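This briefing is meant for a reader who meets the structure for the first time. Please keep the sequence and the model in view while reading the points below.

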Amino acid sequence: MVNHRGPEFASVMTDVLQQLKPFFGTTREPLLLTGSGTGAQEAAIVNVLSPGDEVLAVTSGVFAERFAAIAEAFGAVVHRLQGEWGFPISPAAVRQSLKENPDTKAVLVTHNETSTGVTNDLAAIAEVVRDTRRSHHPLLIVDGVSSIGALPFEYDAWDIDVAITGSQKAWMSPPGMAMVVLSEHAWEAHREARMPRYYWDFTKARKNGDKRTTPFTPAVGVIHALQEALRIMTEEGPEQIFARHRRVGRRVREGVYELGLELFADPSAASNTVTAVRVPPDIDASRLIRDLRQRHHVVVGSGQDWLKGSIFRIGHMGWVHDEDVEHLLAGLRTALEDARLEEAV
Ligand SMILES: Cc1ncc(COP(=O)(O)O)c(C=O)c1O
């Protein structure tokens, strides 16, 4: 491995930080953390909040619930704005909740809820949070684990305070690194924040980041993979990548409908990085997933939590092109036919 305190690593890190910025829609310098998306969720919370702080958690799926649970575990007073799973969070409901909870210190939003295949209207939610800032300054903390790098994301323009993502999603790299961007407002909150932290301390991450290293040994190999992924992504260009995800997402949904299947997500908010599909009542979900993997070399995800057995999830973020979608749909068609034939025998 390359020495993470040496000049080769510094040069790779400089390159990675530079190339991340257009995908976050920011001119600010990201922090690199060693850990998965959940680590970044925890880091985002413990670095800007204190025990007893009031938090509004906008939840309608597994990952948003996890975000809320982490805040609770570290002593925040969490108010949940619970939306219906499969539907986007209403910005008007966020406005109302902020009115009802005027001491809210931070709002937790999951941009793309991977468990349900829903993309929330982050621009509209951010506008609501920005509006209320005049009186009581809530921080807007965004989980962009399955959106940033694949879906349009305007950190600066939307005035987001903390945004997180993870190397294994749109960044097409192995798991192990998380990337975070903080606003000035978030850095101010960080200086006052008293939640316990050590490994995730952003002061340490920034101090070391300024010297193009990390506080502790990072996942060096993953950072090298990220550098190459970002080279490919920069060559294609953010706008082209976003357009490809729109096209691929649309084609997956069309193909799903053509097979007589239904989406779990409300079509108005269906995600362009993950599609959740309802399993028809005459089909066994785990068998279908196994068959897709074993006979068609297509790996899809199962439903999580109470959705286990009733949906499956098709990931289409990162290096996914039209031919991959056609391969998936052809496999799915045969797997469904086989399942029905076997059922009939
Ligand atoms: C939106 C979202 N947040 C958080 C996570 C947790 O990330 P990890 O599994 O890398 O800890 C995931 C993982 O799929 C996710 O999709």
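A residue is called buried when its relative accessible area is under 20%, exposed when that value is over 50%, and partly exposed in between, with a 1.4 Å probe and protein chains only. Helices (H or I, at least four residues) and strands (E, at least two) are DSSP runs, numbered from the N terminus. In these terms, five of the five residues of strand β8 (residues 162-166) are buried, so β8 is largely enclosed by the rest of the structure.

The model is a predicted one, in which local features need pLDDT of at least 70 and side-chain atom pairs count only at pLDDT 80 or more, while totals for chains, interfaces and linings use all residues. Residues are numbered from 1 along each chain as its sequence is written, and side-chain values use heavy atoms, with hydrogens and water left out.

- Two strands are said to pair if DSSP finds at least two bridges between them; strand β7 (residues 139-143) runs parallel to β8 and is joined to it by three bridges.
- With strand β9 (residues 177-182), β8 pairs in the antiparallel sense over five bridges, and here V162 stands opposite L182 of β9.

**The loops on either side of β8**

- D161 is placed in the loop between α6 (155-158) and β8, and at 1% relative accessibility D161 counts as buried.
- The side chains of D161 and H185 are joined by a polar contact of 3.4 Å, where a polar contact is a pair of N or O atoms within 3.5 Å; within protein, one atom must be able to donate a hydrogen and the other to accept it, and residues adjacent in sequence count only if both atoms are side-chain atoms.
- M172 lies in the loop between β8 and β9, where it has a positive phi of about 60 degrees although it is not a glycine.
- With a relative accessibility of 29%, M172 counts as partly exposed.

**The ligand and its surroundings**

- The ligand is surrounded by 14 residues, and the closest are S36, T38, T114, D143 and Q168; a residue is near a molecule if one of its heavy atoms lies within 4 Å of it.
- Oxygen atoms of the ligand come to 2.5 Å from an N or O atom in the side chain of S36, to 2.6 Å from one in the side chain of T38, and to 2.7 Å from one in the side chain of Q168.
- On its own the ligand has 390 Å² of accessible area, of which the protein covers 87%; such areas come from the Shrake-Rupley method with a 1.4 Å probe, and for residues only the protein chains shown count as cover.
- The elements that give two or more residues to the shell around the ligand are α2 (37-46) and α3 (62-73), and α2 gives the most, with three residues.

**Helix α4**

- In helix α4 (residues 91-100), the residues V94, S97 and L98 are buried.
- Seen down the axis of α4, these buried residues fall within an arc of 100 degrees, so they line one face of the helix; the arc is that of the directions from the helix axis to the C-beta atoms.
- The other side of α4 carries A92, K99 and E100, which are exposed.

**The open sheet**

- Four strands, in the order β10-β11-β13-β12, form an open sheet with antiparallel pairing.
- Its edge strands are β10 (262-263) and β12 (301-302), each of which pairs on one side only.
- Strand β13 (residues 311-315) runs antiparallel to β12 and is joined to it by two bridges, with S302 standing opposite F312 of β13.
- D305 is found in the loop between β12 and β13; its phi is near 55 degrees, a positive value in a residue other than glycine.
- With a relative accessible area of 57%, D305 is exposed.
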